[in-house]
Amino acid sequence: MPERLLSLDKVTAGYAQDIDVLRDVSLDVHAGEVSGLIGLNGAGKSTVVKTICGFLAPKEGSVRFRGEDISGLPPHTLIDHGICCIPQESSLFPYLTVEENLLLPLQGRARQYGAVLRQRYEQALDEFPTVREKRKAQAGDLSGGQQKQVEFAKAWLQQPMLCLIDEPSIGLSPLLAESVFTWIEKFAQSGMGILLIDHNVRRVVRMSDRVHVLSLGRITAAGQRKDFEGDLHEQVKQWLGLNF
Ligand SMILES: Nc1ncnc2c1ncn2[C@@H]1O[C@H](COP(=O)(O)OP(=O)(O)OP(=O)(O)O)[C@@H](O)[C@H]1O
C-alpha cells in the first residue's frame with residue numbers, strides 16, 4: 001500500500017464565519033497516485049485546494065500531511081514540507097524571466113536543492129522544450145499554454161512529494177491539454193502524490209487511482225477508478241446533474 005501523504009478528515013471551511021462552503025470533507029492522496037476531485041462549478045473544489053494550502057483554516061476537522069497536522073500553515077511554508085500547488089490562475093511573475101520564475105522558489109533553499117539544482121534545472125528544460133526555448137523571455141509575454149508549461153516545469157524542479165493541480169487544462173488546445181495530462185501521469189509515476197481537479201471528468205476518471213465527487217461542498221461519492229468506470233455517463237450524470 002503506497003504511503004498516505006495527504007488526508008483531509010471531516011473538514012468544514014468557508015470564507016465567512018457563518019457560511020460553510022465545505023462540509024465534512026474527507027479525502028486521501030497516496031504517494032505515486034492520482035486522486036481526482038470532480039464536481040460542478042461552485043461545488044467547492046478550489047476551496048479544497050485553498051484549505052490544504054493554508055489560505056483558509058478549517059473551522060472543523062484537520063488537514064494532515066504524512067501524519068502531521070498542517071491545518072492553517074502559512075502557504076509560503078508548504079514547499080518546505082514537500083507540497084507544491086499549480087493553481088488555476090497563473091502564479092508566475094510577469095515581469096521576471098521564465099528562468100527567474102523557475103529558480104525563485106528554490107532560492108534560500110540551497111541546503112534542500114543545492115548540489116542537484118543545476119542538473120535538475122537542465123533536466124526540467126529537457127522535459128519541457130518550450131520552456132528551454134523561452135527561458136530568457138519575460139513570463140508575461142508567453143501565451144497561456146506556454147505559461148502552463150512553465151508552471152509544470154517549476155513544480156517539477158521543486159521535486160514535491162505532493163502536487164495539487166487545479167484545472168490544468170482550462171483554456172488549452174486539446175493537444176496541449178493532452179500533454180498536460182501526460183505530464184501529470186509522469187509526475188505520479190515519479191512517486192509524487194497528485195490531487196487533480198479538472199472539468200474533463202472522463203479524463204480525470206481515466207487517469208485517477210481514486211475519484212472523489214464534490215457536490216455543494218460535500219463528498220457525495222468516492223472510490224477507486226474501477227468503481228467509476230463502466231457506465232460513467234449514467235453515474236456521473238446522476239451525481240453531478242450533468243449530461244455530457
Ligand atoms: N474568495 C471568496 N470569497 C467568498 N466566497 C468565495 C470565494 N471564493 C469562492 N467562493 C465561493 O465558494 C463556493 C465554492 O467556490 P469554488 O471556487 O471553491 O468552487 P469550484 O468547485 O472550484 O468551482 P469552479 O469549477 O467554477 O472553479 C462558491 O459559492 C463561491 O462563490
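This is a predicted model: local features need pLDDT of at least 70, side-chain atom pairs count only at pLDDT 80 or more; totals for chains, interfaces and linings use all residues.

Trainee: How many bridges join β1 to β2, and how many join strand β1 to strand β4?

Mentor: β1 and β2 run antiparallel and are joined by six bridges; within this pair, L8 stands opposite L27 in β2. Strand β1 (residues 4-13) is joined to strand β4 (residues 60-65) by five bridges, again antiparallel. There, T12 has E60 of β4 as its bridge partner.

Trainee: What do β4 and β5 form, and how many residues lie between them?

Mentor: They form a hairpin with two residues between the strands. R66 lies in the turn and has a positive phi of about 50 degrees. β4 pairs with strand β5 (residues 68-69) in the antiparallel sense over two bridges, and R64 has D69 in β5 as its bridge partner.

Trainee: Which strands are joined to β3, and do they run parallel or antiparallel to it?

Mentor: Four bridges join β3 to strand β8 (residues 193-197), and the two run parallel. Four bridges also join β3 to strand β9 (residues 210-215), likewise in parallel. As reference points, G36 stands opposite L196 in β8, while I38 stands opposite V213 in β9.

Trainee: Why is strand β3 described as largely enclosed?

Mentor: Five of the five residues of strand β3 (residues 34-38) are buried, so the strand is largely enclosed by the rest of the structure. V34, G36 and I38 point one way and S35 and L37 the other way, yet all are buried.

Trainee: How should I read helix α1, as mostly covered or mostly open?

Mentor: An α-helix has 3.6 residues a turn, so residues three or four places apart point the same way. In this structure, helix α1 (residues 45-52) is mostly covered, with seven of its eight residues buried. The buried residues are K45, T47, V48, V49, K50, T51 and I52. After the helix comes G54, whose phi is positive, near 90 degrees.

Trainee: Which residues surround the ligand?

Mentor: The ligand is surrounded by Y15, V21, G39, N41, G42, A43, G44, K45, S46 and T47. By class, this shell has three nonpolar, six polar and one charged residues.

Trainee: Which residues touch the most other members of the largest nonpolar core?

Mentor: The general idea comes first. In soluble globular proteins, nonpolar side chains tend to be buried together. Here the largest nonpolar core has 60 residues, of which C163 and I194 touch the most other members. Helix α6 (residues 144-158) gives the most to this core, with six residues. Beyond its neighbours within four places in sequence, I194 is in contact with several residues, among them V29, V34, C163 and F187.

Trainee: What does the radius of gyration say about the protein chain as a whole?

Mentor: A compact globule with 244 residues would have a radius of gyration near 18 Å, and the protein chain agrees because its own value is 18 Å. The C-alpha trace spans about 50 × 35 × 35 Å along its principal axes. The protein chain has ten helices and ten strands, and buried residues make up 37% of its 244 residues.

Definitions and conventions
Residues are numbered from 1 along each chain as its sequence is written. A residue is near a molecule or strand if its C-beta atom, placed from the backbone, lies within 6 Å of it. Ala, Val, Leu, Ile, Met, Phe, Trp, Tyr, Cys and Pro count as nonpolar, Asp, Glu, Lys and Arg as charged, and the others, Gly among them, as polar. Two strands pair if DSSP finds at least two bridges between them. A residue is buried if 20 or more other C-beta atoms lie within 10 Å of its own, exposed if 12 or fewer, and partly exposed in between; C-beta atoms are placed from the backbone. A nonpolar core is a set of buried Ala, Val, Leu, Ile, Met, Phe, Trp, Tyr and Cys residues joined through C-beta atoms within 7 Å. Two residues are in contact if their C-beta atoms, placed from the backbone, lie within 7 Å. The radius of gyration is taken over C-alpha atoms; the globule rule is 2.2 Å times the number of residues to the power 0.38.
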